[in-house]
Amino acid sequence: MGTVVDDAASVEFHAFFERHYAELSRLAHLLTGESDAADDLAADALLALWNRWDRVRAADHPVAYARGVVANLARTRIRSAVRERRRIALFWSQREEKTENPDIAGVVDVQSALRRLPFRKRACVVLRHAFDLSEKDTALALGISVGTVKSQTSKGMAELQKLLGTQRAPQRVRVVMARTGEAGGRDR
């Protein structure tokens with residue numbers, strides 16, 4: 001059972017919500033250009049306000065505070081979308097053309113071995129050896145640190161060498177992937 005203070009805060013927040021939700025949603029739409037995301041951003045902002053309602057309602061301009069929260073959430077969403085687009089562009093920009101007459105047995109062996117690696121190791125190996133990305137570019141594409149790229153690539157290559165039974169696994173991965181023009185495919 002709520003106290004009088006809790007009930008009063010709830011009523012006050014509900015009134016604030018009713019008065020300002022549409023305005024906050026419109027602000028989110030204008031900032032992001034995404035009508036579908038606008039309602040979600042406004043709702044997320046109001047949830048954040050509710051969690052801090054005691055401080056918000058004591059502020060001189062609660063609506064200005066709410067607008068600031070929406071603006072910050074919109075900025076975060078835009079930055080996230082830009083990072084994702086960069087990762088996708090980086091991944092596909094290094095794609096080579098297919099060559100004729102690939103070594104089918106080699107392709108099957110390497111792809112089978114790659115599928116047996118955990119995703120992060122596989123992604124590091126493929127981006128580093130099949131796409132010749134730098135450690136920094138691989139880290140950017142996967143959203144991980146350069147150190148993680150180094151360790152995951154090293155461990156992934158060691159596992160591939162065991163699976164393929166050869167010390168020439170890096171060369172074989174690069175040659176096979178370049179010939180087929182593939183980057184490992186999806187997990188099945």
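**Before starting**

Residues are numbered from 1 along each chain as its sequence is written. Because the model is predicted, local features need pLDDT of at least 70 and side-chain atom pairs count only at pLDDT 80 or more, while totals for chains, interfaces and linings use all residues, and side-chain values use heavy atoms, with hydrogens and water left out.

**Stop 1: the whole chain**

The chain has nine helices and zero strands. Here helices (H or I, at least four residues) and strands (E, at least two) are DSSP runs, numbered from the N terminus. Read from the N terminus, the elements run α-α-α-α-α-α-α-α-α.

Of the 188 residues in the chain, 34% are buried. Buried means under 20% relative accessible area, exposed means over 50%, and partly exposed lies in between (1.4 Å probe, protein chains only). A contact means heavy atoms within 4.5 Å. Among contacts between residues at least 6 apart in sequence, 68% join residues at least 24 apart.

**Stop 2: the largest nonpolar core**

Select Phe16, Leu24, Leu46, Leu49 and Trp53, which have the most contacts inside the largest nonpolar core. This core has 18 residues. A nonpolar core is a set of buried Ala, Val, Leu, Ile, Met, Phe, Trp, Tyr and Cys residues joined through side-chain atoms within 4.5 Å.

Which helices each supply at least two residues of this core? They are H1 (4-32), H2 (35-51), H3 (53-58) and H4 (62-93). The largest share, six residues, comes from H2.

Now centre on Trp53. Leaving aside neighbours within four places in sequence, Trp53 is in contact with Ala9, Glu12, Phe13 and Phe16.

**Stop 3: the second core**

Next select Val110, Leu114, Leu127 and Phe131. They are included in a second, separate core of 15 residues.

Keep Leu114 selected. Leu114 is in helix H5 (residues 104-116). Is Leu114 buried or exposed? With a relative accessible area of 1%, Leu114 is buried.

**Stop 4**

Two packed helices are described by the angle between their axes and the distance between the axes. Axes are lines fitted to C-alpha atoms, for helices over the stretch in contact, and angles run from 0 to 180 degrees between N-to-C directions.

Select helix H6 (residues 119-130) and helix H7 (residues 135-142). Their axes are 10 Å apart and the helices pack at an angle of about 135°. H6 and H7 are therefore oblique to each other. Angles under 35 degrees count as roughly parallel, over 145 as roughly antiparallel, 65 to 115 as roughly perpendicular and the rest as oblique.

Show the side chains where they meet: Ala123, Cys124, Leu127 and Arg128 in H6, and Glu135, Thr138, Ala141 and Leu142 in H7. The residues of this contact divide into five nonpolar, one polar and two charged. In this grouping Ala, Val, Leu, Ile, Met, Phe, Trp, Tyr, Cys and Pro count as nonpolar, Asp, Glu, Lys and Arg as charged, and the others, Gly among them, as polar.

While H7 is on screen, pick Leu140, which lies in this helix. Leu140 is partly exposed, with a relative accessible area of 49%. Not counting residues up to four places away in sequence, Leu140 touches Arg87 and Leu90. Leu140 and Leu90 are 50 residues apart in sequence and 8.8 Å apart in space, C-alpha to C-alpha.

**Stop 5: H7 and H8**

The axes of H7 and H8 come within 8 Å and cross at roughly 100°. That makes H7 roughly perpendicular to H8. Glu135, Lys136, Thr138 and Ala139 in H7 meet Val146, Val149 and Lys150 in H8. The residues of this contact divide into three nonpolar, one polar and three charged.

**Stop 6: H6 and H8**

H6 and H8 pack at an angle of about 95°, with their axes 8 Å apart. H6 and H8 are therefore roughly perpendicular to each other. The residues of their contact divide into five nonpolar, five polar and five charged.

At 9% relative accessibility, Thr153 counts as buried. Leaving aside neighbours within four places in sequence, Thr153 is in contact with Cys124, Val125, Arg128 and His129.
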